[in-house]
Amino acid sequence: MNHPASNIQATELMSKVPFNVEKVRKDFPILARSVNGSPLIYLDSGASSQKPRQVIERVSDYYSREHANIHRGVHHLSQEATQAYEDAREIIRGFINARHSHEVLITKGTTDGINLVASSFGRKNLQPGDEVILSTMEHHSNIVPWQMICEEKGARVRVIPISEAGELDMDAYRELLGERTRLVAVVHVSNTLGTINPVEELISLAHEQGVPVLLDGAQAVPHMHVDVQALDVDFYAFSAHKVFGPTGVGILYGKEDLLNEMPPYQGGGDMIEKVTFEKTTYNTLPHKFEAGTPNIADGIAFGVAIEYYCQFDEAEIQAHEQDILEYATEKLGEIDGLTIVGTARHKVSVISFNLEGAHPFDVGTILDQQGIAVRTGHHCTQPLMDFYGIPGTVRASFAMYNNRADVDALVAGVKRAAKMLL
Ligand SMILES: Cc1ncc(COP(=O)(O)O)c(C=O)c1O
């Protein structure tokens, strides 16, 4: 078995595989299937991306040949599984450039990571009258945990407003940051609008006031390079399933000092050093925050997903996705009565739109009949929908495996929907 450190070095030294979308598509078996009698056009990667064969096979191989519980066993299989799981942690550490692998907590996903910070950091640090700053474009998973802990502690949530285009009002943010602010928790990239937020500026302004920042990176990681040290971010959460990995697993990055000061989130096996009925002492990082048997197979396959993604040059993936974004924005924009919701200057390949006079659900249903998978509704961002005064949108979210033909199919499908509905 390779040592994790040597794995990473090998990956870094390896020259990248040229990005070729048609070749990439062949790695994703599901893209070859039909839905409702038409070839599948999968435009819902913002909700969950599809998986390459390498990830699927890793899960199956693990259960076929390698499974045992980790961290506790002296026997061969347990040690092998532990090594594979810890290798995955190391791969993810390298991917986000964390200083230490023990700063990478393996969670159930973004929601779990944010809840961990709210429950642990929030419970320890919030006092009555304190404030947590969020933004109008947050996913519910970066709103509700803060409301819950703020209610418990008598603290309150403050909200950075946005412009009609879907960009943060940075002047308002400057004014919100104050003596009572204990944390800023903001989405890196909006799942509904595609907006890429100016997180460097958000972080440096917060740090000037001594306030730590949590970024919800669920939609950023599949589309852009994230370096937690360069960002100097304090907490960063994302999910494997949005970046070609399995569901039910993700990570929370936290700076070592902050994590060390925080109490455990959940109690149980693995997170303890010594237990007596009188007193329990806790394990070191990362185990202090990883109670119980984790999702071992999917954690290991998460590492494979990251390796798969990292074999390509990020700049080539980004150029491809920006081409798809521009092409789709132009072509959809030519359809009468179609309005794009979210027109920020910096966006990833996510387009929310509405057809005047048609409910998003009806548009989505007609697209589905043509084998085109889009998401409709509020996208777990109800306060954002309230801001725009709409019940929801149709959202096409493109991943690296989408091509211009997918955009053409979407545009033809929306035109057909418009004919049927209007
Ligand atoms: C921006 C954002 N944050 C958080 C989440 C929650 O992710 P998960 O359900 O994997 O915990 C999502 C999922 O759609 C998201 O898009």
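## A buried asparagine in a loop

Asn402 sits in the loop that runs between β17 (393–397) and α15 (404–421), where helices (H or I, at least four residues) and strands (E, at least two) are DSSP runs numbered from the N terminus. With a relative accessible area of 1%, Asn402 is buried; buried means under 20% relative accessible area, exposed over 50%, and partly exposed in between, with a 1.4 Å probe and protein chains only. The side chain of Asn402 reaches the backbone nitrogen of Ala399 at 2.8 Å, a polar contact being a pair of N or O atoms within 3.5 Å in which, within protein, one must be able to donate a hydrogen and the other to accept it, while residues adjacent in sequence count only if both atoms are side-chain atoms.

## Basis of the values

This is a predicted model, in which local features need pLDDT of at least 70 and side-chain atom pairs count only at pLDDT 80 or more, whereas totals for chains, interfaces and linings use all residues. Residues are numbered from 1 along each chain as its sequence is written, and side-chain values use heavy atoms, with hydrogens and water left out.

## The ligand and its surroundings

The residues that surround the ligand are Thr110, Thr111, His139, Ser141, Val187, Asn191, Asp216, Ala218, Gln219, Ser239, His241 and Lys242, a residue being near a molecule or strand if one of its heavy atoms lies within 4 Å of it. Sorted by class, this shell holds two nonpolar, eight polar and two charged residues; here Ala, Val, Leu, Ile, Met, Phe, Trp, Tyr, Cys and Pro count as nonpolar, Asp, Glu, Lys and Arg as charged, and the others, Gly among them, as polar.

The ligand taken alone exposes 390 Å², of which the protein buries 84%; accessible areas come from the Shrake-Rupley method with a 1.4 Å probe, and for residues only the protein chains shown count as cover.

## Aromatic rings

A pair of aromatic rings is described by the distance of the centres and the angle of the planes. Rings of Phe, Tyr and Trp (its six-membered ring) pair if their centres lie within 6.5 Å, and planes under 30 degrees apart count as stacked, over 60 as edge-to-face and the rest as tilted. By this rule the model has 14 aromatic pairs. In one of them, Tyr308 and Phe312, the ring centres are 5.6 Å apart and the planes stand at 85 degrees, so the pair is edge-to-face. Tyr308 and Phe312 are both buried.

One aromatic cluster is formed by Phe19, Phe28, Phe95, Tyr236, Phe238, Phe244, Phe302, Tyr308, Tyr309, Phe312 and Tyr401. Arg404 lies over the face of Tyr327, at 4.1 Å from the ring centre; a charge sits over a ring if NZ of Lys or CZ of Arg is within 6 Å of the ring centre and within 35 degrees of the ring normal.

## Backbone features in loops

The peptide bond from Leu285 to Pro286 is cis, with omega near 0 degrees, and Pro286 has its place in the loop between β12 (280–282) and α11 (296–310).

Asp232, in the loop between α9 (228–231) and β9 (235–239), has phi near 60 degrees, a positive value in a residue other than glycine, and its relative accessible area of 35% makes Asp232 partly exposed. Asp270, in the loop between α10 (256–261) and β11 (272–275), has phi near 75 degrees, again a positive value in a residue other than glycine, but Asp270 counts as buried at 14% relative accessibility.

## Separations in sequence and in space

Ile306 lies in helix α11 and is buried, with a relative accessible area of 1%; between Ile306 and Gln54 there are 252 residues in sequence and 11 Å in space, C-alpha to C-alpha. Arg182, in strand β7 (residues 181–187), is partly exposed at a relative accessible area of 27%, and Arg182 and Val132 are 50 residues apart in sequence and 5.9 Å apart in space, C-alpha to C-alpha.

Ala172, in helix α7 (residues 170–176), counts as buried at 17% relative accessibility. Ala172 and Gly269 are 97 residues apart in sequence and 45 Å apart in space, C-alpha to C-alpha.
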